[in-house]
Amino acid sequence: MIRKIAGTILLFCLSVVPMVLAQETKKPAPRDPEIIDAQGYQKLVEKYHGKPLLVTFWATWCEPCRDEYPMLNELAKQYAAKGLHVVGVNLDDDGDLILMRRFMARYKPVFPNVRKKKGGESEFVQSVLPGWNGAIPASFFYDKDGRQIGHLVGENNRDTYEAAIRMMLSSGGESAAAK
């Protein structure tokens, strides 16, 4: 009788314990950023109406973007208490998704990121800033009223970004940065 009970308990443990351990080690897969088009970009800016917003465009194949991204993550943390919101717009192609996922896993951004939908490049960049040729890295500054008050195109250093952010946070709509 004792052997029968011990055997039943042993079978139970051998079948249930591996299932429990497997469930505990499963982590939810990170979600890929939402894909947006030109209209989606305008909705994104509208979502932050009433809040100062910095939108940065980046890609893993862009070396200056890779250099700036960790700094922008630090600035997002530093200025969050003062009301700054940062959103990243990734421009990687579908073939570079694995690189994008690794990059984001490495830098653990404190701000949300979206991806530009494939195609419609001209319409998209013109919806962000008429006359912009799509060169990256590029960051766009919006005041609390949702007006674009400045931008930085090309690689910039921390001092340049901090000056633009401080100006934007204290701005009543004046130009925060232009380059």
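## Helix H4

The buried residues of helix H4 (residues 97-107) are Leu 97, Met 100, Phe 103 and Met 104. Buried means under 20% relative accessible area, exposed over 50%, and partly exposed in between (1.4 Å probe, protein chains only). These four cover an arc of only 125° around the axis, which puts them on the same side of H4. The arc is that of the directions from the helix axis to the C-beta atoms. An α-helix has 3.6 residues a turn, so residues three or four places apart point the same way.

On the other side of H4, Arg 102 and Arg 106 are exposed. The cover over the buried residues of H4 includes strand E2 (53-58), H3, strand E3 (85-90) and strand E4 (113-116). Contact here means heavy atoms within 4.5 Å. Lys 108 follows H4, and its phi is positive, near 40°.

## Model and conventions

This is a predicted model: local features need pLDDT of at least 70, side-chain atom pairs count only at pLDDT 80 or more, and totals for chains, interfaces and linings use all residues. Residues are numbered from 1 along each chain as its sequence is written, and side-chain values use heavy atoms, with hydrogens and water left out.

## Overall layout

The protein chain has six helices and seven strands. Both are DSSP runs, numbered from the N terminus: helices are H or I with at least four residues, strands are E with at least two. From the N terminus on, the elements run α-β-α-β-α-β-α-β-α-β-β-α-β.

Buried residues make up 39% of the 179 residues in the protein chain. Of the contacts with a separation of 6 or more, 74% come from residues 24 or more positions apart.

## Helix H2

Helix H2 (residues 38-47) has a buried side too. Ala 38, Gly 40, Tyr 41, Leu 44 and Val 45 are buried there. They cover an arc of only 160° around the axis, which puts them on the same side of H2. The face turned away from that side carries the exposed residues Gln 39, Lys 43, Glu 46 and Lys 47.

Strands and a helix cover the buried residues of H2, including strand E1 (34-36), E2, E3, E4, helix H5 (121-128) and strand E5 (138-142). Asp 37 caps the N-terminal end of H2. One of its side-chain oxygens lies 3.2 Å from the backbone nitrogen of Gln 39.

## Strand pairing and crossovers

E3 is mostly covered, with five of its six residues buried. E2 and E3 pair in the parallel sense over six bridges. Two strands pair if DSSP finds at least two bridges between them. Leu 53 has His 85 in E3 as its bridge partner. The chain crosses from E2 through H3 to E3, and this β-α-β crossover is right-handed. That term applies if, with the strands pointing away from the viewer, the path from the first strand over the helix to the second runs clockwise.

E3 also pairs with E4 in the parallel sense, over three bridges. Asn 90 stands opposite Arg 115 in E4. From E3 the chain crosses through H4 to E4, and this β-α-β crossover is right-handed.

## Nonpolar core

The largest nonpolar core has 47 residues. Such a core is a set of buried Ala, Val, Leu, Ile, Met, Phe, Trp, Tyr and Cys residues joined through side-chain atoms within 4.5 Å. Tyr 41, Phe 57, Val 128, Trp 132, Phe 140 and Phe 141 touch the most other members. Helix H3 (residues 63-80) gives the most to this core, with seven residues.

Leaving out residues up to four places away in sequence, the contacts of Phe 57 include Tyr 41, Cys 65, Val 89, Leu 91, Phe 124 and Val 128. Trp 132, Ile 136, Pro 137, Ala 138 and Phe 140 are also among them.

Glu 162 is found in helix H6 (residues 158-170). At 12% relative accessibility, Glu 162 counts as buried. Its side chain makes polar contacts with the side chains of Gln 78 (3.1 Å) and Tyr 79 (2.8 Å). A polar contact is a pair of N or O atoms within 3.5 Å; within protein, one must be able to donate a hydrogen and the other to accept it, and residues adjacent in sequence count only if both atoms are side-chain atoms. Beyond four places in sequence, Glu 162 touches Leu 75, Gln 78 and Tyr 79.

Asp 145 is found in the loop between E5 and strand E6 (148-153). At 48% relative accessibility, Asp 145 counts as partly exposed. The C-alpha atoms of Asp 145 and Tyr 48 are separated by 9.1 Å, with the two residues 97 apart along the chain.
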